[in-house]
Amino acid sequence: MKSAKKTATISQVAEILLSKKRVALFAHTNPDGDTVGSCVALCLALKKLGKEVSLFCDMDLSASLAQFIQGEIFSRVFQGSYDLLVAVDCGDANRLGEFYSVYNRFDETLTVDHHGGEYFSKYNCVTHYASTCQMIYEILRELHVELDNAIATSLYVGLSTDTGNFMHNNTDSASFLMAAELCKYGVDTEKIGRVFFKDTSLAETKLVASALSRLRTYYDDKLVLLYVTKKDLDELGLELSATSGLVQYAINVETAKVGVCITESKPNNYKVSMRGNGVSVRDICQEFGGGGHVAAAGCMISGFLEDVIEKIVRVVGYSL
């Protein structure tokens, strides 16, 4: 029988990590900068303390993320023996993707997450920080681990991408103070800003054009929606991760209260990303079994494309 789920503070997380020798860290499916940066930073820090650490994710990292992880490898196949499994930046168990069943069978588990989501691990450190990397930053301070360029770079990637390069409304004074501290370790902020917020390949530019050509609006242009098919991605030679920024084109429309990007991940299965402007898209996504932040959330919906769109439009309408 599994132990009761417990709340854990930053200090208690540090104590738990210190007590374990072999640790497995899990990034969430369709990994973004925050989950990858958090995992890599914590992995490097724990290795400094003599721990045996492995990284797992059920999807390949984007080319943008891969160049900042300093040689650490995320495995798509679970293997090895561990004293603790850690879900990093996962608001609910389903975010573990293919590793859900492995994680769910294990007793010694820990969640470190800033989405304020559900308690699905034995120990749960769940906050409302701007990014999970901010939590990892504080955990490393509790562990008395000296930062270096690799750790600082990983943390900065997560912090900057989850705050929209410090433009989202989750950015606070703690975010800027942390960024200032990380810069002391030679973080290449210009490169990170360019790679994640400026650079785009020709194929990705064509994907944007295709998605924008299908843009739809509802409720007097308060809901702005666009979509990408699996055929689009295959023809352009792109992975699912290439769609991560498309939802911004929807929410950036000045009348938009909700922006939606729907991406076909496999036949009749759609990844939905939402952004809100004065509307809680987390509540909307929870209606479909997803979650996230008040202003940025996501979910997965199965069905035919037009049926999926109809469901989203109907549920969003209740919030407008």
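Guide: Welcome! Rings of Phe, Tyr and Trp (its six-membered ring) pair if their centres lie within 6.5 Å. Please keep in mind that this is a predicted model.

Visitor: How many aromatic pairs does the structure hold?
Guide: A pair of aromatic rings is described by the distance of the centres and the angle of the planes. With the cut-off of 6.5 Å between centres, the number of aromatic pairs in the structure comes to twelve.

Visitor: Is the pair of Phe26 and Phe78 stacked or edge-to-face?
Guide: The ring centres of Phe26 and Phe78 lie 6.0 Å apart, and their planes make 20°. Planes under 30 degrees apart count as stacked, over 60 as edge-to-face. The pair of Phe26 and Phe78 is therefore stacked.

Visitor: How many residues apart are Phe26 and Phe78?
Guide: Phe26 belongs to strand E2 (residues 22-27), while Phe78 sits in the loop between strand E4 (74-75) and strand E5 (84-88). The pair thus links distant parts of the chain, and the two are 52 residues apart.

Visitor: Is Phe78 buried, exposed or partly exposed?
Guide: Buried means under 20% relative accessible area and exposed over 50%. Phe26, at 0%, is buried. Phe78 has 27% relative accessibility, so Phe78 counts as partly exposed.

Visitor: Which residues do ring pairs link into a cluster with Phe26 and Phe78?
Guide: The stacked pair of Phe26 and Phe78 belongs to a cluster linked by ring pairs. Besides these two, the cluster holds Phe56, Tyr82, Phe99, Tyr103 and Phe120.

Visitor: Are Tyr156 and Phe166 buried or exposed?
Guide: These two form a tilted aromatic pair, 6.0 Å centre to centre with 55° between the planes. Tyr156 is in helix H6 (residues 149-162), and Phe166 is in the loop between H6 and helix H7 (173-183). Relative accessibility is 8% for Tyr156 and 16% for Phe166. Values under 20% count as buried, so Tyr156 and Phe166 are both buried.

Visitor: Are H5 and H6 roughly parallel or antiparallel to each other?
Guide: The axes of helix H5 (residues 132-142) and H6 come within 8 Å and cross at roughly 150°. Angles over 145 degrees count as roughly antiparallel. H5 and H6 are therefore roughly antiparallel.

Visitor: Which strands stand at the edges of the open sheet of seven strands?
Guide: The order in this sheet is E1-E7-E6-E5-E2-E3-E4, with parallel pairing. An edge strand here has a single partner strand, so one side is left without a neighbour in the sheet. The strands at the edges are E1 (6-7) and E4.

Visitor: What is the bridge partner of Leu225 in E10?
Guide: The open sheet of six strands has the order E8-E9-E10-E11-E13-E12, with mixed pairing. Within this sheet, six bridges join strand E9 (residues 223-228) to strand E10 (residues 258-266), and the two run parallel. In E10, the bridge partner of Leu225 is Val260.

Key: Residues are numbered from 1 along each chain as its sequence is written. This is a predicted model: local features need pLDDT of at least 70, side-chain atom pairs count only at pLDDT 80 or more; totals for chains, interfaces and linings use all residues. Side-chain values use heavy atoms; hydrogens and water are left out. Two strands pair if DSSP finds at least two bridges between them. Helices (H or I, at least four residues) and strands (E, at least two) are DSSP runs, numbered from the N terminus. Buried means under 20% relative accessible area, exposed over 50%, partly exposed in between (1.4 Å probe, protein chains only). Axes are lines fitted to C-alpha atoms, for helices over the stretch in contact, and angles run from 0 to 180 degrees between N-to-C directions. Angles under 35 degrees count as roughly parallel, over 145 as roughly antiparallel, 65 to 115 as roughly perpendicular and the rest as oblique.
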